[in-house]
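Hi,

Here is the structure I promised to pass on to you.

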Amino acid sequence: MNEADSEEMFLHLSARGAVRTDKLDEADAVLINTCTVRDHAEHRALSFLGRLCKWKRQNPKRIIIFAGCAAERLGNQLKKRYPYLNIVAGAKGIEHFSDTLNKSGLFTTALAAPLAPAPTLSAYVTIMRGCNFNCTYCIVPSVRGPVKCLPHEEILKEAARHAQAGAKEIMLLGQTVNAYQDGNVTFSGLLNRVSEIPGVERVRFTSPHPLYFTDEFLCTVRQNPKLARHLHIPVQSGSTRVLTEMKRGYTRELFLEKVRALQDAGCHITTDIIVGFPTETETDFEQTLTLVDEAKFLAAYCFKYSPRQGTPAAQMQLLSENVLEKRLAILLNKVRGLADQAYQRQIGTIQEVLMETENKGRASGSFWVQTPVNYPVGSLVRCPIEHAEGTLLFARNEHD
Ligand code: SAH
Ligand code: SF4
């Protein structure tokens with residue numbers, strides 16, 4: 001989501017003549033787009049901002065923009081702590097980024113016509129901003145505000161613009177992306193419409209919430225081959241008691257039920273897990289470990305719980321750092337082999353691969369596949385899988 005926001009902000013800067021560079025010495029302006037979901041992320045952004053002090057001193061005309069969720073959370077105190085900072089652009093105001101640039105007086109007027117997006121094989125399209133949930137550990141609703149679904153006509157137009165620029169895959173984005181609703185256009189309806197756009201070969205999305213996987217969605221997956229057979233569904237914990245403390249709105253059993261139905265429809269699942277949420281006992285943690293076995297995840301991103309100021313869980317008694325470290329190490333050890341095992345299970349299958357280079361691409365289930373002969377980038381190739389090494393599948397040479 002932040003990558004998509006960064007692209008959106010960059011379009012406004014490029015409409016004012018900016019071009020991209022990754023060399024700090026060459027840059028006239030730096031845009032730092034930030035995350036605050038865990039303390040560590042915010043820390044990294046702030047320490048980078050601190051290091052820019054010297055860069056700015058070398059040429060005081062240089063411009064620093066601090067944007068995104070940490071900017072939203074810290075607000076005006078940023079300019080007091082970092083007086084050399086020019087623009088603070090919080091996550092809630094991303095739609096008004098162009099006005100923010102105008103008001104700063106630091107940029108020339110924007111071009112009248114919107115710029116075409118940079119051509120990419122896979123393009124992000126934000127369909128929903130904000131979040132209406134109140135998971136007790138999470139700072140997102142306070143820094144991104146309540147849900148706002150973008151009008152479906154606008155989404156389709158943007159997806160079509162990307163497809164015209166060469167995108168073959170569209171990734172729809174939102175914090176509870178499958179809760180999308182615009183009038184009578186449901187999430188499933190939107191998925192079908194996006195996949196009908198000429199040139200679009202595959203549609204992905206992130207992050208869905210387990211509660212919104214409806215029967216309608218299951219039908220759509222079965223009927224629409226362009227929907228990627230990979231879903232990232234954050235579970236957070238395998239213990240119903242902890243899920244209730246987190247206010248996730250589902251039980252372990254319901255989560256597993258949804259996952260099984262989606263797997264029966266051919267989907268591969270990855271997830272997010274938080275270890276050491278306040279009150280998590282050894283028994284709760286063991287339930288997370290057994291859930292990992294039962295759910296047959298393709299991969300799991302595991303995080304130590306990080307208290308976020310102003311969230312309900314921040315009031316709760318923290319578990320010791322020792323316990324967090326120990327549990328994270330055990331969980332990481334458990335999830336380490338998951339991807340390799342899932343890759344091994346694909347031997348003998350036929351995968352439809354979207355080529356990202358001439359001899360490597362991604363299957364619908366998100367597996368990386370290497371082909372024995374070259375194909376044009378962006379083409380779809382049916383590949384019989386002969387063997388797997390780590391997280392790479394090798395397709396058989398059909399002429400052998
Ligand atoms: N909207 C998505 C998640 C967004 S945040 C959802 O509801 O699933 C991305 C991930 O960060 C979450 O899935 C969670 O695993 C992690 N996360 C969020 N807040 C956290 C916190 N306070 N401490 C540790 N991890 C956190
Ligand atoms: Fe945060 Fe929960 Fe909203 Fe996801 S659903 S962004 S975890 S509050």
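Below is what I found in it, grouped by topic.

First, some ground rules: residues are numbered from 1 along each chain as its sequence is written, while chains are lettered from A and ligands numbered from 1 in the order in which they are written. This is a predicted model, in which local features need pLDDT of at least 70, side-chain atom pairs count only at pLDDT 80 or more, and totals for chains, interfaces and linings use all residues; side-chain values use heavy atoms, with hydrogens and water left out.

**Ligand 1**

Which residues come nearest to ligand 1? Of the 15 residues around it, these are Gln175, Pro234, Gln236, Asp272 and Ser306 (a residue counts as near when one of its heavy atoms lies within 4 Å). Two strands, β12 (268–275) and β13 (299–304), each give at least two residues to this shell. Helices (H or I, at least four residues) and strands (E, at least two) are DSSP runs, numbered from the N terminus.

There are polar contacts here too, meaning pairs of N or O atoms within 3.5 Å; within protein, one must be able to donate a hydrogen and the other to accept it, and residues adjacent in sequence count only if both atoms are side-chain atoms. A polar side-chain atom of Asp272 is 2.7 Å from an oxygen atom of ligand 1. Backbone polar atoms take part as well: that of Ser306 is 2.8 Å from a nitrogen atom of the ligand, and that of Tyr137 is 3.0 Å from a nitrogen atom of ligand 1. On its own, ligand 1 has 540 Å² of accessible area, and the protein covers 90% of this (areas by the Shrake-Rupley method with a 1.4 Å probe; for residues, only the protein chains shown count as cover).

**Ligand 2**

The residues around ligand 2 include Cys131, Cys135, Cys138, Tyr137 and Gln175.

**Cysteines**

How many disulfides does the structure hold? The number is 0, where a disulfide is a pair of cysteine sulfur atoms within 2.5 Å. For Cys149, the closest cysteine sulfur is in Cys131, 11 Å away, which is too far for a bond. Cys302 is in no disulfide either, as the nearest cysteine sulfur, in Cys35, is 17 Å away. Cys302 is buried at 13% relative accessible area, whereas Cys149 is partly exposed at 24%. Buried means under 20% relative accessible area, exposed over 50%, and partly exposed in between (1.4 Å probe, protein chains only).

**A strand with two faces**

Strand β1 runs parallel to β2 (residues 63–68), joined by 6 bridges; strands pair if DSSP finds at least two bridges between them. The partner of Val30 in β2 is Ile64.

**Loops to look at**

- Thr371, between β16 (368–370) and β17 (380–389), is buried at 5%, and its side chain reaches the backbone oxygen of Val373 at 2.8 Å.

Enjoy exploring!
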